[in-house]
Every structure is written in structure tokens, then in C-alpha cells.
Amino acid sequence: MAILVTGGLGYIGSHTVVELIENGYKVIIVDNYINSNSNILDQLFKITGVNPLFYKIDVTQKDKLEKVFVEQKIDEVIHFAGLKSIGESVEDPLRYYYNNVVSTMVISSLCIKYKVKKVVFSSSATVYGNQESPLKEETSLKKTTNPYGETKVMSERILTDVSYAHPEFSITLLRYFNPIGAHKSGLIGEKIKSSTNNLVPYISKVAKKEKSKVEIFGKDYNTIDGTGVRDYIHVVDLAKGHVKAVQSFKLGITTYNLGTGKGTSVLELIGAFEKVNNVSIPYEFVQRRLGDIEVSYADSSKAERELGWKTELSIKDMVKDAWNFEKKRRTY
Ligand code: NAD
Ligand code: UD1
């Protein structure tokens, strides 16, 4: 089986490429390096011993991407390529709508033209907006809090309509909760941009003494300790979920939550990071972050039932592997 992986050099894409190769798939990566670089290809080779086919192409450019469909026999597509910073999407919404929505349209149209009838799409728990957890796939979608989230909702709708018009297609929407951690080799992990303000990258900066303390956004949420609760999932578990998804395509459109089903608070996560890695993470409480929700965790029972997938790695594994990657990153 040959799988075209768009955004395959990114954080989730690269971990998924490793799992796909280890499960015997031929992988063709397309990425334009907007949030990655050629070094990741070397790291993938070090981990797997395989050099995946690679094209440096912007997936919004249909004529260029079409070349890959002409040159390669593609059985399935996993579409990761996208921009993912909430803050950037608020500042420059058109860039986000263009990149994330046009790419989905281009890929859909090439899949129709070249009869590649199996597609997995990277969606996000952000499509649920602010609703009560545990979140189930059938929960109707609410307005999200930012343009990035809207690009995911729009892409899901586009793919749903494609599946109605082409009933011979199998399209799987995977809604990720909060991926953290890194491959245990420490060779691949998450690229941190200066604009990143997700929690674990920030904790890592404090652990590396690049920042003096973590600012905890709010201490009066209705949660175990007043801080926000999220469903953190190890990126390797998430990657394995993609392998299960490509092994279990069903005709039509199918949606799965990929999360652990368990919530962890900001203070719990900081505490785990300190304890497991034996580092000190100073913090202070500040105002709630605009658009933040109190609690978000998955009901992942559908993925367990239908894909035979559930997470295996714990919060301890996540913070250990995240820090292992950060320490190694300092050297390259
Ligand atoms: P990432 O930025 O690490 O990876 C995305 C990759 O896509 C990068 O290598 C980037 O260079 C590439 N890319 C972006 N636009 C492209 C384009 N037009 N053409 C070709 N390549 C392009 O992000 P990630 O964390 O690995 O996320 C992968 C997907 O999962 C994204 O669609 C993201 O929105 C979605 N997602 C991520 C999270 C998360 O927390 N990381 C959560 C939910 C959903
Ligand atoms: C954010 C995005 C979400 C996206 C997800 C993917 C928003 C509103 N949502 O979600 O759309 O799918 O990232 O990774 O931005 N926190 C702090 N201090 C920090 C950073 C975070 O206290 O410096 C807290 C947050 O308030 C939250 C938790 O840590 O309670 C996790 O935050 P974050 O990692 O940014 O993820 P989400 O808010 O879940």
C-alpha cells in the first residue's frame, strides 16, 4: 500500500510516517517546509532505515501536486499539511483560510480525478467549540473561537460533501485532542515557533531556562485545582491511531475522536513534568486566556470499538519524552 502523506515532515506527520513504515507501508511525503525542514528526513531515516519518497511542494498548488499523482501510484492519502497557530490565524485569517481550506479542496479534487478513494484528514477537538466534556463525535459543532478552528470545520464539511457526491470514497476525519511528547529516540518532536503558546512547549522553555516561569492562565475554573483541564495524548499513540484508521476505512464519512478520555489540569501536568524529569518549573497565575475553555476531554470509545485503538502511554511517558527531545534538540 502506498500512502501519500501531506505535511509528513511536521510534528504529527513525522511520527505517523515512522509508524506507517514500521507497519510495512510505502510512504510518499509532500511538504513545503513552512514549519519543517529537510533535517527531519534524515531523522526519519535514522529511526526507520528507510528514505521515504519526498516532494517539496505546496499542496495548495494543484498543478504541482498533480505531478505526484501522475508519477506515483497512490492508494490512500493522509492530509496533515496545515497551519496550526491560533494566534497567527486571528492576526492573518486569510492566510489560514487559504492554506488550510484550499489545500483540502485541491487534495479532494486530485483524489477524485485519480480515483484515490481513501482519505484521512487531520481535524481537531477545537471543532467542538465550548461544549461539555466528554465530547462525543455526534455532538453538533458550535462556532469555534478562532479562524484556525473554522478552517477545520470547513474542511470537514467539504470532505463530507465530497463523500456524499462520491459514495465510493472512504473518508475518515480524525479529531485530535492535545498531542504532546515525542518519539522515544528523541530524534523527532515538535518544532516550537516564537509564536507558540501551547502549554508543553512553554514548560520546556522554562525547563531550559529560556523563560523564567510558566504563566498559568486562570486559577478559578471549576476543576480539580482551578486550572484548565485538557486531554493530553502522546504523539506516538496518536500516530498509531492513523495506522489503525488506514487499516479500517469504511465507505462514506466517518469521524473519530483521538484522545485518552482523561483530563489533566495545568498544575497536574507541571507537577508531572517536574517530578519525572527532576527539574523545577516556576509558575505564576495570570488572567484567563481569551477564548480558552474550562475542560476538554474526549469520549474515545468509538475509536476503541471500531478501530481497535486506545492509548497506551501515560502522562509520565509524555513529559519524559517531551523533555528528552528538548535536551537533544539543544545540540542540533
Ligand atoms: P506541523 O506544523 O508540525 O506540521 C504541519 C506540516 O505541514 C509542516 O511540516 C508544514 O511544513 C506542512 N505544511 C503546512 N502547509 C503546507 C502546504 N500548504 N503545503 C505543504 N506542506 C504544508 O503541525 P502538526 O502539529 O503536525 O499538525 C498536523 C495537522 O494536525 C495540522 O493540520 C493541524 O492543524 C492538525 N492538528 C494539530 C494539533 C496539534 O496540537 N498539534 C491538534 C489538532 C489538529
Ligand atoms: C489550543 C487551541 C486549540 C488547538 C490546541 C492544539 C486555543 C484557544 N485552543 O488548545 O484550538 O487544537 O491548542 O494544541 O488556543 N496554558 C497555560 N499557560 C500557557 C499555555 C497554556 O496555563 O502558557 C493552559 C491553557 O489555558 C489550557 C492548557 O494550558 O488550559 C492547554 O493549553 P494549550 O496547550 O494552549 O492547548 P488548548 O488550549 O487546549
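**Figure 1. Ligand 1 and its surroundings in the predicted model.** A backbone N or O atom of I34 lies 3.1 Å from an oxygen atom of ligand 1. This is a predicted model. In S36, a side-chain N or O atom sits 3.1 Å from an oxygen atom of ligand 1. In K84, the side chain brings an N or O atom to 2.8 Å from an oxygen atom of ligand 1. Which residues come nearest to ligand 1? They are I12, D31, N35, F80 and Y148, out of 26 residues around the ligand.

**Figure 2. Ligand 2 and its surroundings.** Ligand 2 has 18 residues around it. L199, E215, R230, R289 and D292 come nearest. E215 also makes a backbone contact: one of its backbone N or O atoms is 2.7 Å from a nitrogen atom of ligand 2. Look next at two side chains. An N or O atom in the side chain of T126 lies 3.0 Å from an oxygen atom of ligand 2. For the side chain of N178, the distance from an N or O atom to an oxygen atom of ligand 2 is 2.9 Å.

**Figure 3. Helix α1 against helix α8.** Helix α1 covers residues 11-22, and helix α8 covers residues 235-247. Their axes are 8 Å apart, and the helices pack at an angle of about 60 degrees. That angle is why α1 counts as oblique to α8. The crossing is right-handed. From α1, the residues in contact are Y11, I12, H15, T16, E19 and L20. They meet V235, V236, L238, A239, K240, H242, V243 and V246 in α8. By class, this contact has nine nonpolar, three polar and two charged residues.

**Figure 4. Helix α3 against helix α5.** Here α3 (residues 62-71) packs on α5 (residues 93-113). The axes are 10 Å apart, at an angle of about 40 degrees. The two helices are therefore oblique to each other. α3 passes α5 in a right-handed crossing. On the α3 side, find K62, L65, E66 and F69. On the α5 side, find V106, I107, S109, L110, C111 and K113. How many residues of this contact are charged? Three are charged, with six nonpolar and one polar.

**Figure 5. Helix α7 against helix α9.** Helix α7 (residues 199-207) and helix α9 (residues 266-277) have axes that come within 11 Å. They cross at roughly 40 degrees, which means that α7 is oblique to α9. This crossing is right-handed. L199, V200, I203, S204 and A207 come from α7. Their partners in α9 are V266, L269, I270 and F273. The contact holds eight nonpolar residues, one polar residue and no charged ones. L199 of α7 is also listed among the residues nearest to ligand 2.

**Figure 6. Two backbone details in loops.** Most residues other than glycine have a negative phi, and most peptide bonds are trans. Y33 has a positive phi, near 65 degrees. Y33 sits in the loop between β2 (26-31) and α2 (39-48). Now turn to P134. Is the peptide bond from S133 to P134 cis or trans? The bond is cis, with omega near 0 degrees. P134 belongs to the loop between β5 (118-124) and α6 (147-165).

Notes
Residues numbered from 1 in each chain as written. Chains lettered and ligands numbered in written order. Predicted model: local features only at pLDDT ≥ 70, side-chain atom pairs only at ≥ 80, totals over all residues. Heavy atoms only, no water. Axes fitted to C-alpha atoms, helices over the stretch in contact; angles between N-to-C directions. Helix = DSSP H or I, 4+ residues; strand = E, 2+ residues; numbered from the N terminus. Parallel < 35°, antiparallel > 145°, perpendicular 65-115°, else oblique. Left-handed = near helix turned anticlockwise from the far one by under 90°. Contact = heavy atoms within 4.5 Å. Nonpolar A, V, L, I, M, F, W, Y, C, P; charged D, E, K, R; others polar. Near = heavy atom within 4 Å. Polar contact = N/O pair within 3.5 Å; in protein donor to acceptor, adjacent residues only side chain to side chain.
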